[in-house]
Amino acid sequence: MSKILWLMIVFGLALGGCGTGGNEAGNVKDVSSDDAEMNAAIQEARETLPRFIEALQAPTETQTYFAIKVIFPFGEADSAEHMWVDQLTYADGRFQGVLSNEPVDVTDLEYGDPVTASIEEISDWMIVGNNQLLGGYTMHVLRNRMSETERAQFDADFGVAIPETPAVP
């Protein structure tokens, strides 16, 4: 069974526009490509992507951070690394931004590289608004699978309020 790699920003999501910029190997979670809960989260993120785009193009004063999770295929047919991209612009159905994770398996990209992605390549999105996470559908799935101790540490490291279910702007 093939695996999809999901990068989570576990240590210090720097809300000013940069990601982890370090070794991500400890932040990668293997998720099967047929994981129904994760696939439903991706579907919901894609269905609400128009709301994200609207907010990105006309942010409120309290919306301080925008990011998308982009699918980067590698190696075997079903293998992909999902990584966060921030410092975003959107035009003509395409996002442009900067890779905010250090790739683990994708070898042709590095932290800070410019990235262009189509809507079809997006697996999640997030906004930090009013010190609360909006979106983050795949993050919620992974967070809900953590032990109480892991979840408390994740929440503390993330640094903003995370609602029990994903919220939209």
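These are my notebook entries on a few spots in this predicted model.

**Ground rules.** It's a predicted model, where local features need pLDDT of at least 70, side-chain atom pairs count only at pLDDT 80 or more, and totals for chains, interfaces and linings use all residues. Residues are numbered from 1 along each chain as its sequence is written, and side-chain values use heavy atoms, with hydrogens and water left out.

**Entry 1: strands.** I looked up β4 (residues 80-91) and β5 (residues 94-99), which run antiparallel and are joined by 5 bridges. (Strands are DSSP runs of E, at least two residues, and helices are runs of H or I, at least four, numbered from the N terminus; two strands pair if DSSP finds at least two bridges between them.) The two form a hairpin with 2 residues between them, and D92 in the turn has a positive phi of about 55°. I found T89 bridged to Q96 in β5. On to β6 (residues 114-118): β5 pairs with β6 over 5 bridges, again antiparallel. There, F95 stands opposite A117.

**Entry 2: core.** Of its 32 residues, F52, I68, F72, V85, F95 and W125 touch the most other members. Helix α2 gives the most, with 5 residues.

**Entry 3: T138.** Is T138 buried or exposed? I noted it as buried, because its relative accessibility is 0% (buried is under 20% relative accessible area, exposed over 50%, partly exposed in between, with a 1.4 Å probe and protein chains only). T138 is in helix α3 (residues 137-144).

How values were computed. A nonpolar core is a set of buried Ala, Val, Leu, Ile, Met, Phe, Trp, Tyr and Cys residues joined through side-chain atoms within 4.5 Å.
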